[in-house]
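Dear colleague,

I am handing over the structure we spoke of, which you will find just below. Could you look through it alongside the notes that follow?

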Amino acid sequence: MNILKVDGISKSYGKIRALNRVSFSVPEGCIFGILGPNGSGKTTLLGVITEILIPESGSFTLFDDNQTPQYEQRKKIGTLLETPNFYHYLSGEQNLRIAAEIKGSPLSEIDGILKLVGLYERKTSKLKTYSLGMKQRLAIG
């Protein structure tokens with residue numbers, strides 16, 4: 001099964017072509033990276049896949065579904081584009097509670113996630129006291 005299939009996605013910003021007919025598949029269980037220099041379109045591609053940006057052409061599917069990705073499918077994926085966005089006045093735990101409620105994930109898993117990403121001891125600390133690396137680990141969680 002393919003977790004993600006990208007088919008001919010193109011996106012431009014004025015005269016600058018950020019993506020030119022990009023196509024690939026990511027099979028289930030695969031670790032997949034997008035590499036390239038600054039300005040090569042990595043963030044633009046992830047923006048299209050997360051439906052933050054609209055491509056001029058092409059399409060993508062999630063979980064081998066031949067239809068346009070729906071809300072329930074998008075709840076199963078997570079992304080980290082640039083710097084993570086959280087509520088800086090809330091704790092790491094409180095931010096994860098919000099994310100879990102949005103995605104419909106069990107709140108009972110939050111402590112385990114915090115332990116997995118090495119932030120359990122800081123779960124009640126306000127996010128504004130976290131380093132960038134800690135914020136990124138929380139976003140991965």
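The notes below concern the charged side chains and their pairings.

Please keep in mind throughout that this is a predicted model, and that the distances and accessibilities I quote are computed from it.

As background, side chains of opposite charge can pair when their charged atoms come close. In this structure there are three salt bridges, and I take them in turn.

The pairing of arginine 17 with glutamate 56 has its closest N and O atoms 3.3 Å apart. The two partners come from distant parts of the chain, 39 residues apart, with arginine 17 in strand β2 (residues 16-27) and glutamate 56 in the loop between α1 (42-49) and β3 (57-62). Arginine 17 has a relative accessibility of 44% and therefore counts as partly exposed, and glutamate 56, at 45%, likewise counts as partly exposed.

The next salt bridge is formed by the side chains of glutamate 93 and lysine 123, with an N to O distance of 3.9 Å. This pair also links distant parts of the chain, since glutamate 93 belongs to helix α3 (residues 92-103), while lysine 123 sits in the loop between α4 (110-116) and α5 (132-140), 30 residues apart. Glutamate 93 and lysine 123 are both buried.

Lysine 123 takes part in a further salt bridge, this time with the side chain of aspartate 111, at 3.0 Å from N to O.

Lysine 135 is found in helix α5, and because its relative accessibility is 15%, under the 20% limit, lysine 135 counts as buried. Which residues does lysine 135 touch, leaving aside those up to four places away in sequence? The contacts are with Pro84, Phe86, His88, Leu127 and Tyr130.

Notes
Residues are numbered from 1 along each chain as its sequence is written. This is a predicted model: local features need pLDDT of at least 70, side-chain atom pairs count only at pLDDT 80 or more; totals for chains, interfaces and linings use all residues. Side-chain values use heavy atoms; hydrogens and water are left out. A salt bridge is a side-chain nitrogen of Lys or Arg within 4 Å of a carboxyl oxygen of Asp or Glu. Helices (H or I, at least four residues) and strands (E, at least two) are DSSP runs, numbered from the N terminus. Buried means under 20% relative accessible area, exposed over 50%, partly exposed in between (1.4 Å probe, protein chains only). Contact means heavy atoms within 4.5 Å.
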